[in-house]
Amino acid sequence: MARRVLITGRGTVNALGGDVAHTLAALAAGRSAIGPVTCREVERLRIRVAAAVSVPDLEAVFPPEMRQMHDRVSLLALLAAREAVAEAGLEAAELSSERTGVVLGTAGGGLETWNDAFRAVYAEGRNRVPPLTVPRLMPNAPASAVAADLGIVGPVLCPSAACASAAQALALGLHFIRSGLCDVVIAGGSEAMLTFAGIKAWEGLRVLSPDGCRPFAADRNGFVLGEGAAVLVLEGEDHARARGARAAVELAGAALRGQGGGDPVRPSAAAAGAVMRAALADAGIDPAGVDHVNAHATGTRQGDAAEAEALARLFGPRIGKLPVAATKGLHGHAIGASAAIEALACLLALEEGVIPPAGSHGVDPALGLDLVTGKARKAEVATCLSSTFAFGGLNAALVFRRVG
Amino acid sequence: MGAATDRDATGDPALLPLLRSVLAEEGLVPPEAVTPQAELEALGLDSVRMTQVIFALEERLDITFPFDGEGAPPRTVADLARLVARLRGGGV
């Protein structure tokens with residue numbers, strides 16, 4: 001029997017709130033954090049809505065030397081990790097054990113730093129950039145910052161897999177603990193792409209909505225970029241019990257799959273189904289044992305349709321009665337952090353029996369889904385499946401289960 | 001590098017206020033600790049802080065510091081002042 005992996009801490013900063021409590025409250029209230037973009041040269045953007053982190057004020061929280069050293073993507077990760085570790089009650093000796101690791105994903109790394117450096121050398125014709133440009137922009141900067149902040153000497157990794165970065169991090173954390181490499185893994189993702197060029201890049205791909213994210217709605221027209229960080233403390237059950245840590249949910253299974261070719265930015269229903277099936281098999285349950293699905297559901301026409309098709313094939317006629325959450329309608333798509341932010345929504349459903357709504361829109365009847373929309377739904381949820389389908393054809397699925 | 005004379009020991013005195021302000025702003029060093037004799041390492045200027053200081057001096061004075069290995073690195077504030085004075089004078 002595989003070593004069971006419990007979730008003993010949670011932390012986040014995202015558009016919905018500056019910590020877990022505010023995020024869960026906003027999810028339960030169905031409050032959308034999508035609003036106007038405020039980056040410089042916003043007048044040159046065609047897409048002017050996003051879900052930005054507004055609290056806390058990073059300038060007030062971090063001293064100048066920290067802000068000098070770290071890009072926004074790392075500062076967000078630091079706040080999320082500190083909150084998760086505090087909730088887990090991990091002490092310095094546990095953090096500095098060689099058996100404690102950090103796996104923190106990001107798709108873009110220090111995009112603001114890249115943007116500023118390129119602006120300096122290309123647009124402004126300058127011949128030098130700030131000396132900390134490289135350590136600020138490197139994709140492993142958030143993982144490194146968290147590891148340094150917490151005094152981690154065990155394995156520290158940064159999976160970068162577009163929208164699946166945090167899902168890969170959580171899956172790797174699960175396997176590190178199952179395999180006995182680690183007892184504790186601080187895992188999740190961080191993203192901060194709401195810069196002029198960051199939004200421009202997504203604009204070019206024509207996947208962003210100009211007016212809001214409406215997952216699975218008939219009039220859905222794209223996703224809305226978000227930002228933020230979310231971190232879970234994953235811990236071997238034996239280790240958690242020995243130190244008296246509280247845990248209500250386990251990460252029961254995970255799967256990572258390549259799409260096997262095809263269009264790198266068009267999701268495949270077959271591949272989506274395969275990864276969800278594999279995650280359930282890893283958790284040792286069949287589709288009939290799933291009470292709730294937290295969908296990837298970015299709000300694009302093709303992506304949502306492919307996902308709905310995959311869910312219908314996986315669950316059969318039962319899909320019409322299986323509550324589906326699509327919370328990117330509230331917190332936007334935080335790309336490499338999204339799977340970890342959505343894991344918090346899964347925990348809300350599992351721990352408090354509250355499934356957050358996707359927004360105030362209706363559901364496309366052609367999709368045949370029981371989408372939770374309008375307001376949160378009370379439901380008894382013991383097992384939750386959460387899926388992520390990333391550009392580049394990298395898919396992931398996670399299974400969360402309540403523990404007694 | 002010649003032997004230090006009294007004048008060399010403090011570098012260009014006119015540079016001290018500038019160095020004090022840059023070391024305080026970019027190096028996060030208390031201004032009162034910035035004396036000609038103070039050793040840069042003892043002021044808490046690790047490699048990261050030192051690169052910040054060099055960047056700020058380059059930007060403010062429109063000079064270019066040599067890369068590592070081209071001459072001995074400055075050890076004290078006076079060494080730094082001497083180096084800056086030389087770079088401003090056009091010679092290295």
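A polar contact is a pair of N or O atoms within 3.5 Å; within protein, one must be able to donate a hydrogen and the other to accept it, and residues adjacent in sequence count only if both atoms are side-chain atoms. By that rule, 7 residue pairs are in polar contact across the interface of chain A and chain B, both residues being at pLDDT 80 or more. The side of chain A that touches chain B has 5 nonpolar, 1 polar and 3 charged residues. The model is predicted.

**The interface**

Chain A brings 9 residues to the contact, and chain B brings 12 residues. About 920 Å² is buried between chain A and chain B, and carbon and sulfur atoms give 51% of that area. On the chain A side, Q68(A), R128(A) and P131(A) lose the most area to chain B, together 61% of what that side buries. There are 3 salt bridges across this interface. R126(A) forms a salt bridge with E59(B), with the closest N and O atoms 2.2 Å apart.

**Strand β6 of chain A**

Strand β6 spans residues 184–191 of chain A; 8 of its 8 residues are buried, so the strand is largely enclosed by the rest of the structure. In a regular strand, side chains alternate between the two faces of the sheet. V184(A), I186(A), G188(A) and S190(A) point one way from β6(A), while V185(A), A187(A), G189(A) and E191(A) point the other way.

Notes: Residues numbered from 1 in each chain as written. Chains lettered and ligands numbered in written order. Predicted model: local features only at pLDDT ≥ 70, side-chain atom pairs only at ≥ 80, totals over all residues. Heavy atoms only, no water. Contact = heavy atoms within 4.5 Å. Buried area = accessible area lost by both parts, 1.4 Å probe. Salt bridge = Lys/Arg side-chain N within 4 Å of Asp/Glu carboxyl O. Nonpolar A, V, L, I, M, F, W, Y, C, P; charged D, E, K, R; others polar. Buried < 20%, exposed > 50% of the residue type's maximum accessible area, 1.4 Å probe, protein only. Helix = DSSP H or I, 4+ residues; strand = E, 2+ residues; numbered from the N terminus.
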